[in-house]
Amino acid sequence: LSLTALCAVAVCRALERSGGISAAIKWPNDLVLHHRKLGGILTELSLDGKSGRGDWVIVGIGINCRQRPKDFPPELADTAISLDLAGYPVKRSALAAALMEELDTLCNQVPPDPERWLADYRSRCLTVGRRVRILRDGASLEADAVAVDEQYGLVVRRCDGTEEVLRAGEVSVRGL
C-alpha cells in the first residue's frame, strides 16, 4: 500500500511540474482532478519465499491525457476526466519525463526521509475529512475518514465512535 501511495505523490508532483496541474489523491490510489477521476496506480509485488523480502515490483500508472467525452464508456462519462478535457494540453513526453524524474526522486528520498513523503500524501489526500462508504464482502458501511496513518492506512470512525484502519478495499467518497 505505501508504494502505491508514494507513486501517487510522484504522479501529482509530475503533473505540477509538467503543467501546473494540482491533482489530488482519493485514498489509496486514484488521481482526482476537478472532482473527477484522472487516473490511478496499481502495484504488484512478489516476495522471496525464504527471506520474505521483495523480489520484484511492477507499478502501473494510468493518466487520462487526450480522451474526449466519447472515449469514456457511458457509465464513466460523468466521473472521469482527461487532461485535455480539464484544459491542460500537456505534452505526454514532458509528463513522462517529469514522472520518471519524480519516481527517481522517490527512490532516493524515501529511505532517508519517509516522513516528508507521508506529509505530502496526507496534504493531497482528499478522502480525509469526508464521509465515506466502505464496500466490503457485498456490504456497505458508512464512516468518517479521519486520518492517514504512518503506513498509509485510512483511519475511519464509525457512527458509534469506534475507529478502524483500512489497509485495502473499496472506499467510495461522497461527491466524487
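Tutor: Start with the term pocket: on a 1 Å grid over the protein atoms alone, an open set of points where a 1.4 Å probe fits, with protein on both sides within 12 Å along at least five of seven lines; lining residues have an atom within 4 Å of a point. This is a predicted model, where local features need pLDDT of at least 70, side-chain atom pairs count only at pLDDT 80 or more, and totals for chains, interfaces and linings use all residues. Residues are numbered from 1 along each chain as its sequence is written, and side-chain values use heavy atoms, without hydrogens and water.

Student: Which residues lie nearest the centre of the largest pocket?

Tutor: Rolling a probe the size of a water molecule over the atoms shows where empty space is left. Here 22 residues line the largest pocket, and K26, D30, K37, T79 and E170 lie nearest its centre. The lining splits into 10 nonpolar, seven polar and five charged residues.

Student: How many disulfides does the structure hold?

Tutor: A disulfide is a covalent bond between the sulfur atoms of two cysteines. The cut-off is a pair of cysteine sulfur atoms within 2.5 Å. This structure has zero.

Student: Is M100 buried or exposed?

Tutor: Buried means under 20% relative accessible area, exposed over 50%, partly exposed in between (1.4 Å probe, protein chains only). M100 is exposed at 56%. C7 is buried at 3%.

Notes: Nonpolar A, V, L, I, M, F, W, Y, C, P; charged D, E, K, R; others polar.
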